[in-house]
Amino acid sequence: MQLRHGLTRAVFLIGLLCFSGHVRAEEPLPKAEEILDKFVEVTGGKAVYEKVHNEKATGTFEFVGKGVKGTLTSYRAEPNKMYTRVDLENIGAIEDGTDGDTAWTLSALQGPHIKEGEERAVSLRQATLREPILWRKLYKSAETAGIENVDGAPCYKVVLTPNEGKPETQYYDKKSNLMVKMTMTVVSQMGEIPTETVVSEYKEQGGLLSAHKTRHKALGQEFEITIGQIDYNIVMPKDRFDLPNEIKALVKK
Amino acid sequence: MRSVCVFTIALACATLADGQPTLTAEQKRLNLESFEFTWSTIRDQYWDPTFGGVNWSSVHDEFRPRIERAATMPETRHLMSQMLGRLGKSHFAIIPADVYGDLDSHEDAGGSGTTGIDVRVLEGHAIVTSVEEGSPAAAQGVRPGWELLSVDGTELAPRLQKVAELYRNATTRELYLTRSVLAKLTGDEGSVARVQFRDGGGAVVRKEIGRIRPRGSLAKFGYLPPSYVWIAARKIESNIGYIAFNLFLDPARLMPEFGDAVHSCTACAGMIIDLRGNPGGLGLMAMGMAGWFIDKPDQRLGTMYTRQAPVKFVVNPRPPVYSGALAIVVDGTSASTSEVFAGGMKDLGRARIFGTLTAGAALPSAIDRLPNGDALQHAMADYISEGGRTLEGTGVIPDVEVKLTREALLSGHDPVLDAAIEWIHTRK
């Protein structure tokens, strides 16, 4: 009994040591900018990013375990234009976009909405093409906050503070330097919602390595986006980023 | 107060417990997994980390051995429903696999055949409130105001008395009473309901009424059982718009049709939205529909409180917005999203509510498939209407209380609708 108890305590202490070993003071943490720049390097390099002027991604969208599925199409163009459409089965379309100035959302369920303030700032930031090489413009600071395990793999935890809005925390796998997780508080008209996004299935397309699966957790629900295809430098329809009529009607008001 | 599902399941369990096949070892294992999933889902997602004073860990320790000992599926379901009942909230239920249906098929929902009769229980009596045009009941000459005495040999009075007693202090009483009658009238399509009525003259009338496919389109949303959804829009006295629909579901079809109905009536003196008999559905649809009546941005119907964060039920104006008089008609069978919509519009001062107290069953819920094939319905949040009132257990109190009466129905009147119309006339 004594031996068993001692063994249990030893295992517990080893566990503690293993855990605390990740944040030992003698292991110097790389600077955030090194991690972020290395991400650019491992995903294709700055020169390849700079050749991208627009992109189109298609895939699927699913509320995990709820049986609600749909398709997703997303366009982005420099400098920060974006249009995303999710068509959910038996629900209808949810569109989200910005022409680089007006950020908006239009839902078959909830109707049209023009984003303002922090909500708009987040949309414009997320719409920015080539954002991995532009982080210095988009964020006023980036700091390495430690090392944490994500799915058992040690990751650098990087906290980025945007020029406008709340900090985001990104986790970069120590070994591959790929981003594997992100947490942030999404600011929307419905409130400030804490979210966690797990990023996986990096694949190379057009010379760039990008995540093809993201699993998002918010409000106790999970949804998953699986990207099937990404095309760069497509012939973009001229009116792709024009505001929908429902949004124009609100702008006029 | 539990949801309708819990009620019907409890009834089913009570009647089916005998003679059920005993569980195999594999079924027992799946039931235990389902129990753990159910318990931990509540532990992790219930909006109140104190569980309203219920010791949720103790509940686990109490029920797990009982689930292990359960010999049949009805017994297992009954125990799991009992466990959920400890929370004392609506929208927590175990939905049996056979009720849940084949989730991956688009087959018609079985047993949903209708006679075309709608009913309410008035002063303890099941009274026909409407007869659908062209339905088997209409063909048989059934009229609003007739009293249903029995269906397929089952006397309704003792059944109603039992339900009324069980829910005597609950706001959901009318909902359960109505459901208990409608459940008897509903059956397989093509089957015949043998119904005994008391007609307007007091004579007992026997009718054999066929059951047909319900009106509307079969809509599927995620793992919810498929449901028939209809929407009806018309004009009353040529200048009052009237919209009714049976569920806040099938948004891809319902939202545009609702919007078209509003837009076709922009010059109308008033608009009436009839939510009687509407048990709710997707909460987001309430916000979307409100947008056709509210032109001021950043208004909200209420706030949903989840474990993670409060979520505002914001209304996005959808120009051109209808700005005329708006009446919403409700009764004790208006539940959930119907209450979110009616309560929020009342609190915002945008609508006048007519009818009787709503069901007070307004919590937003999700449905998750369990390892044993059943499903768990669980509320994920509390909901407070914009006026600061919780709707759960209290319901939406009408501005103008008007009750249906048998006499009015027999004389071809709908006093609730009449009151809404009269109010619109006085606003001209």
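Predicted model: local features only at pLDDT ≥ 70, side-chain atom pairs only at ≥ 80, totals over all residues.
Colleague: Into which domains is chain B divided?
Modeller: The bounds come from an automatic or database domain assignment. Chain B has domain 1 (4–100) and domain 2 (117–210). The remaining one is written in two segments, domain 3 (229–364 + 380–427).

Colleague: How many residues of domain 1 of chain B are in contact with domain 3 of chain B?
Modeller: The C-alpha centres of domain 1 and domain 3 of chain B lie 34 Å apart. By class, the side of domain 1 that touches domain 3 has 3 nonpolar, 3 polar and 1 charged residues. Domain 3 of chain B gives 9 residues to this contact, and the number from domain 1 of chain B is 7.

Colleague: What is the strand order of the open sheet of 3 strands in chain B?
Modeller: The edge strands are E1 and E17 of chain B, each pairing on one side only. Strand E1 (residues 93–95) of chain B is joined to E18(B) by 3 bridges, and E17(B) pairs with E18(B) over 5 bridges. Pairing is antiparallel, and the order is E1-E18-E17.

Colleague: What is the average twist from one strand to the next in that sheet?
Modeller: The strands concerned are E1, E18 and E17 of chain B, with antiparallel pairing. From one strand to the next, the twist averages 25 degrees.

Colleague: Which residue in E18(B) is the bridge partner of B:Arg369?
Modeller: E17(B) and E18(B) run antiparallel. B:Ser365 stands opposite B:Ala379. In E18(B), the partner of B:Arg369 is B:Ala375.

Colleague: Which residue in the hairpin of E17(B) and E18(B) takes a positive phi?
Modeller: The hairpin has 5 residues between its strands. The phi in question is near 100 degrees, and the residue is B:Gly373.

Colleague: Is strand E18 of chain B largely enclosed or open?
Modeller: B:Ala375, B:Gln377 and B:Ala379 point one way from E18(B), B:Leu376 and B:His378 point the other way, and all are buried. In a regular strand the side chains alternate between the two faces of the sheet. With 5 of the 5 residues of strand E18 (residues 375–379) of chain B buried, this strand is largely enclosed.

Colleague: Which helix lies across E17 and E18 of chain B?
Modeller: The helix runs at about 20 degrees to E18(B). Its residues are 25–45 of chain B, and it is helix H2.

Colleague: Why are H3(B) and H4(B) called roughly antiparallel?
Modeller: Helix H3 (residues 56–69) and helix H4 (residues 73–85) of chain B have axes that come within 10 Å and cross at roughly 175 degrees. Angles over 145 degrees count as roughly antiparallel. That crossing angle therefore makes H3(B), relative to H4(B), roughly antiparallel.

Colleague: Which residues in H4(B) meet H3(B)?
Modeller: The residues of this contact divide into 5 nonpolar, 1 polar and 1 charged. From H3(B) come B:Val59, B:Phe63, B:Arg66 and B:Ile67. In H4(B) they meet B:Thr76, B:Leu79 and B:Met83.

Colleague: Is B:Thr172 buried or exposed?
Modeller: B:Thr172 is placed in the loop between helix H7 (156–166) and helix H8 (173–185) of chain B. Its C-alpha atom is separated by 4.6 Å from that of B:Ala359, 187 residues apart along the chain. A residue counts as buried if 20 or more other C-beta atoms lie within 10 Å of its own. B:Thr172 has 24 within 10 Å, so this residue is buried.

Colleague: Which strand of chain A packs against the buried residues of H10(B)?
Modeller: In H10(B), 8 of the 8 residues are buried, among them B:Met285, B:Met287 and B:Met289. These buried residues pack against H9, strand E13 (299–306), E14 and helix H11 (337–347) of chain B. From chain A, the strand is E6 (111–114).

Colleague: How many residues does chain A give to the contact with chain B?
Modeller: Chain B gives 32 residues, divided into 18 nonpolar, 7 polar and 7 charged. The elements of chain B that give two or more residues are helix H9 (251–263), helix H10 (283–290), strand E14 (310–315) and strand E17 (365–369). The number of residues from chain A is 24.

Colleague: What percentage of the residues in chain A is buried?
Modeller: Chain A has 6 helices and 13 strands. Of its 253 residues, the buried share is 24%.

How values were computed. Residues numbered from 1 in each chain as written. Chains lettered and ligands numbered in written order. Contact = placed C-beta atoms within 7 Å. Helix = DSSP H or I, 4+ residues; strand = E, 2+ residues; numbered from the N terminus. Nonpolar A, V, L, I, M, F, W, Y, C, P; charged D, E, K, R; others polar. Buried ≥ 20, exposed ≤ 12 C-beta atoms within 10 Å, placed from the backbone. Pairing = 2+ DSSP bridges. Axes fitted to C-alpha atoms, helices over the stretch in contact; angles between N-to-C directions. Parallel < 35°, antiparallel > 145°, perpendicular 65-115°, else oblique.
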